[in-house]
Amino acid sequence: LIDACRAGDAAAWNALLEKYQRLIYAIPFRYGATAADADDIFQAVCLELYEELPRLRHSEALRSWLMTVASRLSLRWKLRQRRRGEQD
């Protein structure tokens with residue numbers, strides 16, 4: 001699937017995102033994100049995946065890589081929410 005994505009196969013890309021969609025969305029929801037914010041985080045994870053896919057060395061590490069990226073982006077979101085709350 002990853003090789004097909006690297007080759008530009010749009011159907012493979014869609015299948016890859018569908019396969020990991022629930023995993024990626026679960027993480028921002030654990031951080032308390034709204035559905036709209038989780039959508040934004042999901043899109044950001046997908047963009048990072050698209051950019052990093054050519055350099056991904058171990059396809060078996062994709063799941064943990066996605067979890068790490070989603071967690072990092074979710075934490076950033078959470079910290080921004082706290083700062084905004086302090087400014088109000």
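This is a predicted model: local features need pLDDT of at least 70, side-chain atom pairs count only at pLDDT 80 or more; totals for chains, interfaces and linings use all residues.
The ring centres of Tyr25 and Phe29 lie 6.2 Å apart. Their planes are at 25 degrees, so this pair is stacked. Both residues belong to helix H2, where they sit four residues apart, a separation of about one helical turn. Together with Phe42, Tyr25 and Phe29 form one aromatic cluster.

The number of aromatic pairs comes to three. One of them joins Trp13 and Tyr50, with 5.8 Å from centre to centre and 80 degrees between the planes, an edge-to-face arrangement. This pair links distant parts of the chain: Trp13 is in helix H2 (residues 10-30) and Tyr50 in helix H3 (residues 35-52), 37 residues apart.

Is Tyr50 buried or exposed? Tyr50 has a relative accessible area of 58%, so this residue is classed as exposed.

Apart from its neighbours within four places in sequence, Trp13 is in contact with Cys5, Cys46, Leu49, Tyr50 and Leu53.

The largest nonpolar core holds 26 residues, and the members that touch the most others are Trp13, Val45, Leu49 and Leu62. Two or more residues of this core come from each of helix H1 (2-6), H2, H3 and helix H4 (62-87). Which element gives the most to this core? H2 does, with nine residues.

Key. Residues are numbered from 1 along each chain as its sequence is written. Side-chain values use heavy atoms; hydrogens and water are left out. Rings of Phe, Tyr and Trp (its six-membered ring) pair if their centres lie within 6.5 Å; planes under 30 degrees apart count as stacked, over 60 as edge-to-face and the rest as tilted. Buried means under 20% relative accessible area, exposed over 50%, partly exposed in between (1.4 Å probe, protein chains only). A nonpolar core is a set of buried Ala, Val, Leu, Ile, Met, Phe, Trp, Tyr and Cys residues joined through side-chain atoms within 4.5 Å. Contact means heavy atoms within 4.5 Å.
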